[in-house]
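User: I would like to go through this structure and ask what lies behind the labels. Please set the values against the cut-offs.

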Amino acid sequence: MNFSQKKIYEYCEAHTSPVSKVLRKLERETHLKTLAPQMASGAFQGKLLELLVRMSQPKVVLEIGTFTGYSSICIGTALAEDAVLHTIEANRELQAIIQEHIKVAKLDHKITTHVGDALEIIPTLDLMYDMVFIDAGKRDYERYFDLVIDRLRPNGIILADNVLWSGKVVDKKKDNDTRIIDQFNKKVNEDPRVENITLPIRDGLTIAVRK
Ligand SMILES: C[S@@+](CC[C@H](N)C(=O)[O-])C[C@H]1O[C@@H](n2cnc3c(N)ncnc32)[C@H](O)[C@@H]1O
């Protein structure tokens, strides 16, 4: 590819529907109040999540890794009135910012927040999912996948973020975290239960659809 990737991204962002007032406020507060604001999905990926939800109309969505709630609001905004999002966050200190913005976005009736370790919480949720967004501890991606794959309805979607790990997955010599992500990507790709695509969007996004 001989075009500037940065310029292409800027062009794509400029030709993507704008984000809501509440998401702009949440982005500002995420920068002010957290140490790693880049963890939030942001406008571009957030819009993709929103549109995927609009297109597939899931009734039950699970999000693993809420952070400040940016992606939860993107997903929640596009959910039908009778659909629900369960989102899990281990860091209790983020609850205030999450709850405030879910309320301002008027999504409290659609979003249930869970505080604690997703690996412990997921087995207690007796639910079948139409969509799962995996975006918590990268070292546990394979375990999250194993916990949800048989709870996904046919044509249900698993999304997984950061699967290119800043592009390091293509390095010949991989550090430990990169090897773990690479192993996850191979696992998904070899799993006969899903049809999948790895998209070079932002830090890499996997879409895997249950057969
Ligand atoms: C990349 S951020 C999530 C970003 C969010 N989904 C978004 O797009 O705006 C990852 C979050 O997962 C949380 N996390 C990490 N391990 C977890 C676990 N085992 N259970 C629940 N949350 C976890 C972290 O505290 C962090 O807030």
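User: Which residues does Lys59 touch, not counting residues up to four places away in sequence?

Analyst: This is a predicted model. In it, Lys59 touches Ala83 and Asp130. A contact here requires C-beta atoms within 7 Å. Lys59 itself sits in the loop between α3 (42-56) and β1.

User: Why does Lys59 count as partly exposed?

Analyst: Lys59 has 14 C-beta neighbours inside 10 Å. Buried takes 20 or more and exposed 12 or fewer, with partly exposed in between. The value of 14 falls in between, so Lys59 counts as partly exposed.

User: How far is Lys59 from Glu93?

Analyst: Their C-alpha atoms are separated by 29 Å, and the two residues are 34 residues apart along the chain.

User: What makes β1 largely enclosed by the rest of the structure?

Analyst: Of the 5 residues of β1, 4 are buried, so the strand is largely enclosed.

User: How do you know that β1 pairs with β2 and with β4?

Analyst: Pairing needs at least two bridges between the strands. β1 is joined to β2 by 5 bridges, and β1 (residues 60-64) is joined to β4 (residues 129-134) by 4 bridges. Both counts meet the cut-off, so both are pairs. β1 runs parallel to β2 and parallel to β4.

User: Why are α2 and α5 called roughly antiparallel?

Analyst: Helix α2 (residues 21-33) packs against helix α5 (residues 95-104) at an angle of about 170°, with the axes 10 Å apart. Angles over 145 degrees count as roughly antiparallel, and α2 and α5 therefore qualify. On the α2 side the contact is made by Val22, Leu26, Glu29 and Lys33, and on the α5 side by Ile97, His101 and Val104. These residues divide into 4 nonpolar, 1 polar and 2 charged.

User: What sets Asn155 and Ser166 apart in the backbone, and are they buried or exposed?

Analyst: Asn155, in strand β5, has a positive phi of about 70° although it is not a glycine. Ser166, in the loop between β5 and α8 (176-190), has a positive phi of about 55°, again without being a glycine. Asn155 has 12 other C-beta atoms within 10 Å, and Ser166 has 12 as well. The exposed class takes 12 or fewer, so Asn155 and Ser166 are exposed.

User: Which residues are closest to the ligand, and what kinds make up the shell around it?

Analyst: The ligand is surrounded by 18 residues, and the closest are Ser41, Gly65, Phe67, Ser71 and Gly137. The shell divides into 9 nonpolar, 5 polar and 4 charged residues. At least two residues of the shell come from each of α4 (70-78), β2 (84-89) and α6 (118-121).

Methods: Residues numbered from 1 in each chain as written. Predicted model: local features only at pLDDT ≥ 70, side-chain atom pairs only at ≥ 80, totals over all residues. Axes fitted to C-alpha atoms, helices over the stretch in contact; angles between N-to-C directions. Parallel < 35°, antiparallel > 145°, perpendicular 65-115°, else oblique. Contact = placed C-beta atoms within 7 Å. Nonpolar A, V, L, I, M, F, W, Y, C, P; charged D, E, K, R; others polar. Near = placed C-beta within 6 Å.
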